[in-house]
Every structure is written in C-alpha cells, then in structure tokens.
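Me: Could you pick one part of this model, start from there and walk me through it closely? I'd like the side chains and their surroundings in one connected answer.

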Amino acid sequence: MTIKSCPVQPQAWSKQQLRKLFLDCDGDGDGLLTKEEIKKAFRNLGAVIPGYRAWEGLKLADANKDGCVSHDELDALIDYADKLQYTSVTNY
C-alpha cells in the first residue's frame, strides 16, 4: 500500500491572525501588552530569540513610552511582526 503525502506549504501569518495572536496573549485582559506578553506571542510565532523581538517590537510600537502596547498602538506591533514574515502550516 502506498501512502501519498500532500505537501503542505507554510503560509505567512496574515495581519488579522497576528492581531488575534497578540490579543490572545494579553493574559490579564487589561488591554495592554507587556513585554512578557509580547515575548509570549513571538515565542508562539516561532521566533528564535523572542525576548529580542519583544524588545524591538515594544520599542517600535510604544508611542507614549509607558512600557506597554495599547490597542491604539497595536497596529505598529502587527506591522513589525508582519515584516518578519513568520510562517505557519496551521491557521491560528
């Protein structure tokens, strides 16, 4: 018996999927993403060094410099993650 494999092509995460991932990582539900919550999201994306990606993303997205990413600042974080072109073989 021969089993044919169906090659699965990795798909880049869409901005909508990235938004859901980041919002799901808001562990305390306060509407603010801390560096640790952003780090968790980048870990889920498969980042090799999620702490660095979280630091860089926070630096780029935190317009008011309060140390967190609010919903108003989230688009900048999503744009940063999108440019990194993480891929997944499953849909989030």
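**Starting from a cysteine**

Reply: Cysteine 68 counts as buried, at 15% relative accessibility (buried is under 20% relative accessible area, exposed is over 50%, and partly exposed lies in between, with a 1.4 Å probe and protein chains only). Keep in mind that this is a predicted model, where local features need pLDDT of at least 70 and side-chain atom pairs count only at pLDDT 80 or more, while totals for chains, interfaces and linings use all residues. Residues are numbered from 1 along each chain as its sequence is written, and side-chain values use heavy atoms, with hydrogens and water left out.

Cysteine 25 is buried as well, with a relative accessible area of 3%. Still, searching the whole structure turns up zero disulfides (a pair of cysteine sulfur atoms within 2.5 Å would count).

What you do get is salt bridges, four of them (a side-chain nitrogen of Lys or Arg within 4 Å of a carboxyl oxygen of Asp or Glu). Take aspartate 79 and lysine 15, whose side chains meet at 2.8 Å, N to O. Aspartate 79 sits in helix α4 (residues 74-83) and lysine 15 in helix α1 (residues 15-24), so this pair ties together parts 64 residues apart in sequence. Helices here are DSSP runs of H or I with at least four residues, strands are E runs of at least two, and both are numbered from the N terminus. Both partners are partly exposed: aspartate 79 has a relative accessible area of 32%, and lysine 15 has 42%.

Helix α1 also holds a local pair. Lysine 20 bridges to aspartate 24, with the closest N and O atoms 2.9 Å apart. The two are four residues apart in helix α1, so about one helical turn separates them. Lysine 20 is partly exposed at 42%, and so is aspartate 24 at 40%.

Over in helix α3 (residues 50-61), glutamate 56 and lysine 59 make a salt bridge at 3.5 Å, N to O. They are three residues apart in that helix, which again means about one helical turn between them. Glutamate 56 is buried, with a relative accessible area of 14%, whereas lysine 59 is partly exposed at 43%.

Helix α3 also carries tyrosine 52, partly exposed at 40% relative accessibility.

You'll find glutamine 85 in the loop between α4 and β4 (87-88), partly exposed at 46%.

Finally, the record: UniProt, in an unreviewed entry, places "domain: EF-hand" at residues 13-48. Across residues 13-48 the chain is 58% helix and 6% strand, and the end C-alpha atoms are 16 Å apart.

Terms used:
UniProt positions renumbered as here; feature names shortened; annotations may be inferred.
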